[in-house]
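Please look over the structure shown below before reading the notes that come after it.

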Amino acid sequence: MVLAVDQNPEGLKTLQEELSVAILVQDVAAEDAANNIVASGVEELGGLDFLINIAGMVTNGTLESLSSEDWQRVMNVNVNSVFKITQQAIPYLRQSNRGRIVNIGSIMSVLAGVGMGAYTASKHAIAGLTKTMALEVGVDGITANYILPGAIVTGITQPAMDADPSFEKFWVEKSPLSRMGQPADIAAGISFLLSQDASFITGHGLTIDGGVMQSA
């Protein structure tokens, strides 16, 4: 059983109908979000085995032009929520014999881009935070890893592709596999990191980018 959390009730309703998951409408960056999410998870699931921190957002703007409000919103969604939710979840993961934490970074966890200062900083933070998690929770048999997606077709990238066809063309041509990534590609990586086969993998960043980072 899975508890899916999103601030979009329509998307959650569709997910619930298709996969029969429990749902919680919640902005992960809200003041009481971590408590609500973990408490709901424990109530719905009877405990916690896995935590997947996947919520994220991006904002564009040079460091000179970026507002402090936009900077803080990105940090609250992409980093602070991961810290707070994980902090609340650790005691319950500790009670499981297969505790797993998977965070979503980005190829921007190791790269950088003009106009992407807030997003890049947040995804670098996810890499460092996850490595620290791995060191601290390993004693309890919990693994902590993060995924570095490349260009994936999502609600974040679809508007960019619709507005500018060259955006998709650039990433397709940059990938040796000559395609954009799909959510299923990331789901497969998450599934592996949650599995028994990955029980000795922790503090690791798994790149799922179609080979984009191998090209100049």
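Predicted model: local features only at pLDDT ≥ 70, side-chain atom pairs only at ≥ 80, totals over all residues.

**Helix H2**

- Helix H2 covers residues 33-45, and because its 13 residues at 1.5 Å a residue should span 18 Å, the distance of 18 Å between its end C-alpha atoms agrees with that expectation.
- The buried residues of H2 are Ala33, Ala34 and Ile37, together with Val38, Ser40 and Gly41.
- Seen down the axis of H2, these buried residues fall within an arc of 160 degrees, so they line one face of the helix.
- The partners against which the buried residues of H2 pack are strand S1 (3-6), strand S2 (22-25) and helix H3 (68-94).
- Just after H2 comes Gly46, which takes a positive phi of about 80 degrees.

**The four-stranded sheet**

- Four strands form an open sheet in the order S3-S4-S5-S6, and their pairing is parallel.
- Strand S3 (50-53) and strand S6 (205-208) are the edge strands, each of them pairing on one side only.
- From one strand to the next, the twist averages 20 degrees.
- S3 and strand S4 (residues 100-104) run parallel and are joined by four bridges, and Leu51 has Ile101 in S4 as its bridge partner.

**Helices across the sheet**

- H3, against which buried residues of H2 pack, also lies across S3 and S4, running at about 175 degrees to S3.
- Helix H7 (residues 183-194) lies across S3, S4, strand S5 (143-149) and S6, and runs at about 155 degrees to S4.

Note on methods
Residues numbered from 1 in each chain as written. Heavy atoms only, no water. Helix = DSSP H or I, 4+ residues; strand = E, 2+ residues; numbered from the N terminus. Expected span 1.5 Å × (residues − 1). Buried < 20%, exposed > 50% of the residue type's maximum accessible area, 1.4 Å probe, protein only. Arc of directions from axis to C-beta. Contact = heavy atoms within 4.5 Å. Pairing = 2+ DSSP bridges. Axes fitted to C-alpha atoms, helices over the stretch in contact; angles between N-to-C directions.
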